[in-house]
Amino acid sequence: MAYSIVIPSRNIANLTACVGALRAAGETGRVMWVDDYDGPRDLPQRVLGHRCLHVSGEKPFCFARNINIGIRAADGDDVLILNDDAILETVGGFRWMVALMEDPLAAQYGILACSTNVTGYPAQQRRGIIAADGLTVESLIRRVDFAAFVAVLIPRRTIDLVGLLDERFGGPGVYGGEDVDYCLRVQEAGLKVGVSDFCFVDHSKLASTFRPAHPENRAGGDIRESNRIGIKKWGDRWPFRN
């Protein structure tokens with residue numbers, strides 16, 4: 001059950017809290033920090049110690065590109081994409097998701113997202129606490145059309161079939177859209193997108209430095225441009241309009 005948790009980040013405070021929550025939850029997957037950091041080069045190591053693997057990202061920041069760098073560095077592992085402002089609250093939650101997706105009954109799913117509390121996709125919000133006893137794969141996964149890549153598991157079998165994220169989303173002047181595009185590509189490949197209420201991440205406590213409205217936003221992009229790219233690529237299948 002080899003899996004890597006890929007976290008793109010430039011915010012050491014967020015990263016420290018995010019990785020600390022992973023360790024407190026007993027996660028055993030390899031934690032990979034994809035660096036978009038401009039400060040003193042020894043600070044991340046002093047703060048994080050050996051709790052995560054440092055992978056050099058590229059600037060200017062592009063979420064899709066830095067995630068792809070992490071996926072390549074994961075060496076064949078399943079990949080759990082995690083925002084640095086997301087706090088895992090379910091003990092062993094990511095290990096459980098990886099194990100669930102290895103069940104033959106889950107083979108129809110290409111993506112499994114955690115439920116959360118702050119997302120642009122209401123279907124991804126938790127629908128109640130799930131008890132751990134006597135559950136089936138069908139009851140543990142809700143099918144959704146799209147999932148924000150706040151905390152999302154992409155099995156290696158999906159990556160091998162569908163490929164990497166489209167880096168046009170998040171390029172110069174563009175913000176967001178790579179998650180919607182990837183969900184569409186997964187569905188085009190005959191797979192489903194799912195979310196589980198069993199594994200929950202809190203997306204409300206830490207401040208994002210990549211959302212357009214944030215004063216320290218590094219992306220410098222416009223979501224309207226990502227929608228133009230999406231409409232050009234997908235036509236009426238793209239769910240958003242400017």
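Student: What should I know about the model first?
Tutor: It is predicted, so local features need pLDDT of at least 70 and side-chain atom pairs count only at pLDDT 80 or more, while totals for chains, interfaces and linings use all residues. Residues are numbered from 1 along each chain as its sequence is written, and side-chain values use heavy atoms, with hydrogens and water left out.

Student: How many aromatic pairs are there?
Tutor: The structure has 4. Rings of Phe, Tyr and Trp (its six-membered ring) pair if their centres lie within 6.5 Å; planes under 30 degrees apart are stacked, over 60 edge-to-face, the rest tilted.

Student: Why is the pair of Tyr121 and Phe240 called tilted?
Tutor: Because their planes stand at 50°, with the ring centres 6.3 Å apart.

Student: Is Tyr121 buried or exposed?
Tutor: Tyr121 is buried, at 13% relative accessible area, whereas Phe240 is partly exposed at 31%. Buried means under 20%, exposed over 50%, partly exposed in between (1.4 Å probe, protein chains only).

Student: What about Phe149 and Tyr182?
Tutor: That pair is edge-to-face, 6.2 Å centre to centre with 70° between the planes. Phe149 is buried at 3%, and Tyr182 is buried at 1%.

Student: New topic: how many residues of helix H3 are buried?
Tutor: In H3 (residues 63-73), 9 of 11 are buried. Helices (H or I, at least four residues) and strands (E, at least two) are DSSP runs, numbered from the N terminus.

Student: What covers them?
Tutor: Among others, strand E1 (3-9), helix H6 (156-162) and H7; contact means heavy atoms within 4.5 Å.
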